Amino acid sequence: MACGLRDPMAWPKSLAMSLRPILLHPDPRLKKVCTAIEAITPEIRALADDMLHTMYDAPGVGLAAPQVGVLKRLFVMDCVKEEGAAPRPMVLINPEITWVSDDTAAYEEGCLSIPEQYAEVTRPERVRMRWTDLDGEAQEEEFTGLWATCAQHELDHLNGKLFIDHLGPIKRQLITRRMVKLKRERAREG
Ligand code: NI
C-alpha cells in the first residue's frame with residue numbers, strides 16, 4: 001500500500017473497530033454546534049468503538065464526534081497516564097456540566113485536530129458532568145486534574161469551540177496559519 005495506509009483486508013476478521021480519519025482545523029464541521037443523540041443505535045455504538053480505537057491509535061486522551069465528521073453530542077476519553085495502569089475508556093453521550101469549581105487550573109493543551117500545536121488554557125480545576133452511557137444509563141461524576149481539562153475541552157468541541165478559541169487573537173491566528181500550511185502540505189503529499 002502507498003503512503004503507509006493500513007489495508008483493512010489484512011486486519012483480523014474479529015477486529016470490527018476501524019480507524020476514522022480525524023478532521024484538521026480549519027474545517028467548518030469543527031465550528032458547528034452538535035445535535036443531541038436521541039437513541040443509542042448500533043451506529044452510535046460503532047461510532048463510539050471506532051472513536052476509542054482512533055483516539056488510542058493517535059494517540060490521544062480525548063476525541064469528540066465532530067472531529068471524525070459526525071455532528072452529534074458524543075465524546076470519548078481516557079486520561080489514565082500511569083505506566084501499566086488499567087485503561088479507562090469512557091464514552092459520554094449528551095454530556096452536560098452541572099457544576100464547576102471556583103478554583104482554576106492552567107494546562108498545556110493540544111488537540112488531535114490541531115497536531116503539534118500546544119498552548120496553556122485556564123479552566124475550572126474541577127467539574128461535575130452528567131451524561132448518558134452506552135447502556136442508556138444516566139451517569140454523573142466529578143472530574144479533576146487532566147480528566148477535568150479533557151472533559152471540558154471535549155465538551156467545547158460539541159459546541160463548535162476549539163482550545164485555541166480560549167487564546168488571544170494573535171496566538172489563535174498564528175496557530176491557524178500554521179495549520180493551513182500543514183493541510184496544504186498534506187494535500188500535496190496526497
Ligand atoms: Ni480537541
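Residues are numbered from 1 along each chain as its sequence is written. Because the model is predicted, local features need pLDDT of at least 70 and side-chain atom pairs pLDDT 80 or more, while totals for chains, interfaces and linings use all residues; side-chain values use heavy atoms, without hydrogens and water.

**Exercise 1.** Identify the protein donors of the nickel ion and the parts of the chain that Cys111 and His157 tie together.

*Solution.* 
Step 1. Donors are N, O and S atoms within 2.8 Å of the metal (3.2 Å for Na, K and Ca); water is not among the atoms, so sites may look incomplete.
Step 2. Cys111 (SG), His153 (NE2) and His157 (NE2) lie 2.1 to 2.3 Å from the nickel ion.
Step 3. Along the chain, their spacing reads C-x41-H-x3-H.
Step 4. Cys111 belongs to strand E4 (residues 104-111) and His157 to helix H2 (residues 145-158), so this pair ties together parts 46 residues apart in sequence. Helices (H or I, at least four residues) and strands (E, at least two) are DSSP runs, numbered from the N terminus.

**Exercise 2.** Are Cys111 and His157 buried or exposed?

*Solution.* 
Step 1. Buried means under 20% relative accessible area, exposed over 50%, and partly exposed in between (1.4 Å probe, protein chains only).
Step 2. Both Cys111 and His157 are buried.

**Exercise 3.** Determine which element gives the most to the lining of the largest cavity.

*Solution.* 
Step 1. On a 1 Å grid over the protein atoms alone, a cavity is a set of points where a 1.4 Å probe fits but cannot get out; lining residues have an atom within 4 Å of a point.
Step 2. The lining consists of Ala105, Tyr107, Arg123, Pro124, Glu125, Gly145, Ala148 and Thr149.
Step 3. E4, strand E5 (114-124) and H2 each give two or more residues to this lining.
Step 4. H2 gives the most, with three residues.

Technical notes
1 Å grid on protein atoms, 1.4 Å probe; cavity = no way out; pocket = protein on both sides within 12 Å on 5 of 7 lines; lining within 4 Å.
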